[in-house]
Amino acid sequence: MILYTVMPDQAVLAEDDEIEEHAKKQRYIDMNGRWVLVETISEDKCKMVRLISSDPQDYLDTRLQPGNIITMKPQI
């Protein structure tokens, strides 16, 4: 069987427990008016996983590239 998908192999072939654990670490945040999927690394740091935008210029902005580390401000 051939499976055509944009999902990574780990997500498609992973066990349910692995998917749940991985999903708990990820969340969407609003970063300067753009939605970004981030993965929690530590209490105050996140890694950008995905940018969601309809503006092509956003994908050329180096501050919004996947893999960048974001320092989160503590919420009051």
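This is a predicted model: local features need pLDDT of at least 70, side-chain atom pairs count only at pLDDT 80 or more; totals for chains, interfaces and linings use all residues.
Residues are numbered from 1 along each chain as its sequence is written, and side-chain values use heavy atoms, with hydrogens and water left out.

Let's begin with the overall picture. The protein chain has two helices and four strands, and along the sequence they follow the pattern α-α-β-β-β-β. Helices and strands here are DSSP runs (H or I with at least four residues for helices, E with at least two for strands), numbered from the N terminus. The protein chain has 76 residues, and 18% of them count as buried. Buried means under 20% relative accessible area, exposed means over 50%, and partly exposed is in between, with a 1.4 Å probe and protein chains only. The chain exposes about 6,700 Å², with carbon and sulfur atoms supplying 53% of that area; accessible areas come from the Shrake-Rupley method with a 1.4 Å probe, and for residues only the protein chains shown count as cover. If we take contacts between residues at least 6 apart in sequence, 23% join residues at least 24 apart, where contact means heavy atoms within 4.5 Å.

Now to the sheet. In what order do the four strands sit? The open sheet runs S1-S2-S3-S4, with antiparallel pairing. S1 and strand S4 (69-71) stand at the edges with a single partner strand each, so one side of each has no neighbour in the sheet. On average, neighbouring strands of this sheet are turned by 45° against each other, direction ignored. For that angle, axes are lines fitted to C-alpha atoms (for helices, over the stretch in contact), and angles run from 0 to 180 degrees between N-to-C directions. As a reminder, strands of a sheet pair through backbone hydrogen bonds, either parallel or antiparallel. Here, two strands count as paired if DSSP finds at least two bridges between them.

Let's follow the pairs one by one. Strand S1 (residues 26-31) and strand S2 (residues 34-40) are antiparallel, with six bridges. Along this pair, Arg27 stands opposite Val38 in S2, and Asp30 stands opposite Trp35 in S2. The two strands form a hairpin with two residues between them. Asn32 has a positive phi of about 55° although it is not a glycine. For context, most residues other than glycine have a negative phi. Asn32 is also exposed, at a relative accessible area of 63%.

On to the next pair: S2 and strand S3 (residues 45-52) are antiparallel too, again over six bridges. Thr40 has Cys46 in S3 as its bridge partner, while Leu37 stands opposite Arg50 in S3. This hairpin has four residues between S2 and S3.

Next, the charged side chains. How many salt bridges does the structure hold? There are two, a salt bridge being a side-chain nitrogen of Lys or Arg within 4 Å of a carboxyl oxygen of Asp or Glu. Arg34 pairs with Asp58, and their closest N and O atoms are 2.7 Å apart. This pair links distant parts of the chain, with Arg34 in strand S2 and Asp58 in the loop between S3 and S4, 24 residues apart. Arg34 is partly exposed at 26% relative accessibility, whereas Asp58 is buried at 7%. In the other salt bridge, Asp61 pairs with Arg63, and the closest N and O atoms are 2.8 Å apart. Arg63 is exposed, at 57% relative accessibility.

Last stop, the surface. Leu3, Val6, Met7, Val12 and Leu13 form a nonpolar patch with about 550 Å² of accessible area together. Patches are made of residues with over 30% relative accessible area and no salt bridge, joining like charges within 9 Å and nonpolar side chains (Val, Leu, Ile, Met, Phe, Trp, Tyr) within 5 Å. Leu3 lies in the segment before helix H1 (9-13) and is exposed, with a relative accessible area of 53%.
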